[in-house]
Amino acid sequence: FQKKEYNEAGKMLPYRMLYPENYDKSKKYPLVLMLHGAGERGNDNEKQLTHGGALFLADSNRKNFPCIVLFPQCPADSSWGSVKVDRTTTPFTFKLDYTMPQTWAMHAIINLTKEVASTESVDRSRIYISGLSMGGFGTFEAVYQYPKLFATAMPICGGGDTLHYNKRVKKIPFWVFHGDADAVVNVEGSR
């Protein structure tokens, strides 16, 4: 891994990047952007590496599927997405209003992704995004706001089906997963 920092508008977004073994700049690699959940916010993404990324980063996966992996770190006082949650009518009802201003963290990860795609040996037709819980909602919002940037999205959260059927993102393959160990994720709130 390489620890790096992305700076924008006087704020700093730490991130880590994993390169394929025998990184060859004459080749073009997929770029996988992984967003963590709310419990992993802070100034360092050490926990993210051992939690959300552990399975994906297994040696066998990296050997069989060489890619560049980007782990941005959402600051403790911010959030990836701007989804509003209303739990008054049902246990888990989402109001997916993406007309709201984007969070600074969301704006920063998009710019960081574009920068990495232009400075590293990235196949720009194969930029993938995934996220857990809060990162799952960030995944939905990123794809909704920037549908031409991502080839595939894999949000791991609940209640995002409404966006999945939105015509704006109809050409992007989605794999929506629900985690039953996350107290925030209610599988029954999904179609």
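The side chains of Asp123 and Arg126 form a salt bridge, with an N to O distance of 2.9 Å; the term denotes a side-chain nitrogen of Lys or Arg within 4 Å of a carboxyl oxygen of Asp or Glu. A search of the whole structure returns 1 salt bridge. Asp123 is buried at 18% relative accessible area, whereas Arg126 is partly exposed at 31%. Buried stands for under 20% relative accessible area, exposed for over 50%, and partly exposed for values in between (1.4 Å probe, protein chains only).

The model is predicted, and local features require pLDDT of at least 70, side-chain atom pairs pLDDT 80 or more, while totals for chains, interfaces and linings use all residues. Residues are numbered from 1 along each chain as its sequence is written, and side-chain values use heavy atoms, with hydrogens and water left out.

The chain contains 5 helices and 8 strands, taken as DSSP runs numbered from the N terminus (helices: H or I, at least four residues; strands: E, at least two). Their order from the N terminus is β-β-β-α-α-β-β-β-α-β-α-β-α. Of the 191 residues, 49% are buried. The accessible surface of the chain is about 10,100 Å², and carbon and sulfur atoms contribute 52% of that area; the areas were computed by the Shrake-Rupley method with a 1.4 Å probe, and for residues only the protein chains shown count as cover.

Arg16 lies in strand β2, which spans residues 11-18, and is buried, with a relative accessible area of 8%. Leaving aside residues up to four places away in sequence, the contacts of Arg16 include Phe1, Asp44, Glu46 and Phe71, a contact being heavy atoms within 4.5 Å.
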